[in-house]
Amino acid sequence: MYRIKNIKLTNFKFFFGEENLELNKKHTLIYGENGSGKSSIYWALHCFLHSTLKPNADSVKKYFLPIARNEESIKNRYAQDTEKSGVAITLEHDDFSRYANINAEISDSVVNTQTSPEIKLMTLSSELINYKVIYNMYLATNKSTIKLFSYFEKNLMEFIDFDQDLTTISGNRLSRNSLEWWRYIKEGIQPYTTMTDPRYLQFQEHVKIFNQKLNDYLQLITSEANQILNEDFGENFKFKFQYTPAIYNDFKYKEGLPHGRTRETTAPEIELLVILPQLHGVASEIKRPQSYLNEARLSAIAISIRLAILKERYIDQASRIMVLDDLLLSLDLGNRSSLLKILLKKYAPLYQLIILTHDRVFFDCVLNHLSEEEQKRWCILEMYETEVDNKRVPIVIQYQTALSKAYSYFKGINCSIDYNACGNNQRQALEELFKKQFEAYSLRHDNGELLQTNGLMIGSCISYAKNMYSKIGFDTDLLDELEIHRKQSLNPTSHHNPQSNFYKSEILRTFEIINILDSHKIEKLVPHDSVISLLVECEDGTKCTYKIQILDDILVYKKPDSDYFLSQSDKRKYVIKEYNGESINNETSGLTLIELYQDTLNGIISKLHKKPIKKEDILSAFLYEGKTIYTILEEWNNQL
């Protein structure tokens, strides 16, 4: 399929002059501080695609006129009236040797998107969502129900097709598009005729068909959206649409009594209701969900609905993009992670993803969901506001990790040599490294609570790392050395001379330490909640088979230039699910694998009065997915 290779913005919204964004057909992640022009990219793509839905080229060109000529102008305010304004996009096919590039533009002088079948298909099968689009879906007062028809009319119906076209009472042929149908129904009969006129009866039949088709469509997406809500977001409630049909020529009422006819179309209504799980055998129906559910759950419903509609719009042969601008702003951390997993697993293979955010924590969260190898397949950018010739303009730069920035400042690559800035970025790189290790290890406080890594500074990181490394069996000497550097080269207040030779040697050594610490690996061998088997054979031939659910990860560790190993001190809880096929469900206290194995042998001796045959390597006694843990560990090490 075709993907976006390049976006050229010329005097468009916050972008003054010309800006080329080279996406190179990659998924794209953009962090932009507030006011940096990040959302201008969203609107550029929105205007570009939606231009194919406009009636003619002039209805697109008007947006690029000077504001003095059009109040809806999106031309940059610094641009002269005679200067060009527009958006140009280059699409390149995955099989670029067989398919030519597509170059299309919308501007004050050119609109050629409407003649491109590929771009029209891309519009119909793509999705662009920002925070406001989601928030507006459930916007309602506490006293009102959530009414969605006007939202559907404005945002969705132009992408909803029925399963047939329609011939109007005047003989015009309408497409299958629901918005085209609604505009016809909404206009009514012009001029009005008598209720006995065959055209009147035919129009009323069209209203009936419209209502039936729209209601059927709503029921269709309800099932898919609830599946997304329950399976992907992990919510235990459902929602439904309550549809009130459109009516043409309804009664007018005066003092509660019928008083003539309206001769107009009353719009339908789509109300959103939430159904809670059964309590005491009765399911609760919530008619005003905004008064009961928090914003995160309402957003989860709204996103589920949009994704369900997107599935119905899927066109196999079409090129597709998905643009998300601060979409996850209202979701809690759990739902953010859930949606990220959905996007990366289900949608990344099918769409070119473009994710924009002003939230640095979320930006880092996306990066954490991508392996180093996957990050190479993404275009990762940062945007900031700057000032040029007294004009506020955006600056777009390639994302650099803290470590790569440190190297740049140390070597003077595309910047001046600055050991102060280098040390600051080394400190940030170390904090990021330690936090990833803490999270991989599930480091906990003495009271058992999981350590919250947000806000941890380098001093605390080194202190926690010493304790963790000691338990694992990693060498802590490097951490003692790092503590000395923390007080000097990693201390931003100590750099009186930003190019001091004394700090240069310390900084060099810190780079070496970072590289060595990064070679200390903490990986999941068996993820938590998995079920493993334990087989114990006795001298008399009796076999004891246990099914055991592990409640914490079985981790493996690797020192520099060594094989992966299990730490004999790692304790975790277990649930003994079965013994020889019979259900048990006994939960153990915190035990190492060795302690669990030995406790099992002791239990066989004391309760069954059997003599078990003890294995020399207990890892060969535990099986996961048909392989012994010993074998799995061997396979890991053979791949090194």
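## Y399

Y399 counts as buried because its relative accessibility is 18%; buried means under 20% relative accessible area, exposed over 50% and partly exposed in between, with a 1.4 Å probe and protein chains only. Y399 sits in the loop between β20 (391–398) and α12 (402–411). Helices (H or I, at least four residues) and strands (E, at least two) are DSSP runs, numbered from the N terminus.

Which residues does Y399 contact, leaving aside its neighbours within four places in sequence? They are R360, F363, L367, I380, L381 and E382, where contact means heavy atoms within 4.5 Å. I380 is 19 residues from Y399 along the chain, and their C-alpha atoms are separated by 5.5 Å.

## Basis of the model

This is a predicted model: local features need pLDDT of at least 70, side-chain atom pairs count only at pLDDT 80 or more, and totals for chains, interfaces and linings use all residues. Residues are numbered from 1 along each chain as its sequence is written, and side-chain values use heavy atoms, with hydrogens and water left out.

## Sheet and packed helices

An open sheet of 4 strands runs in the order β2-β1-β4-β5, with antiparallel pairing. Two strands pair if DSSP finds at least two bridges between them. β2 (15–22) and β5 (102–107) stand at the edges with a single partner strand each, so one side of each has no neighbour in the sheet. From one strand to the next, the twist averages 15°.

Strands β1 (residues 2–12) and β4 (residues 86–93) are joined by 8 bridges. K8 stands opposite A88 in β4. Helix α1 (residues 38–50) packs on the sheet and touches β1, β2, β4 and β5. The direction of α1 makes about 110° with that of β1. Helix α3 (residues 117–125) lies across β1, β4 and β5, at about 70° to β5. Axes are lines fitted to C-alpha atoms, for helices over the stretch in contact; angles run from 0 to 180 degrees between N-to-C directions.

## Nonpolar cores

A nonpolar core is a set of buried Ala, Val, Leu, Ile, Met, Phe, Trp, Tyr and Cys residues joined through side-chain atoms within 4.5 Å. The largest has 116 residues, and L45, F152, F241, I305 and L339 have the most contacts inside it. Helix α7 (residues 198–232) gives the most to this core: 11 residues. Beyond its neighbours within four places in sequence, F241 contacts residues including L148, F152, L218, I270 and I305.

Another core lies apart, with 30 residues, among them I554, L593, L619 and F622.
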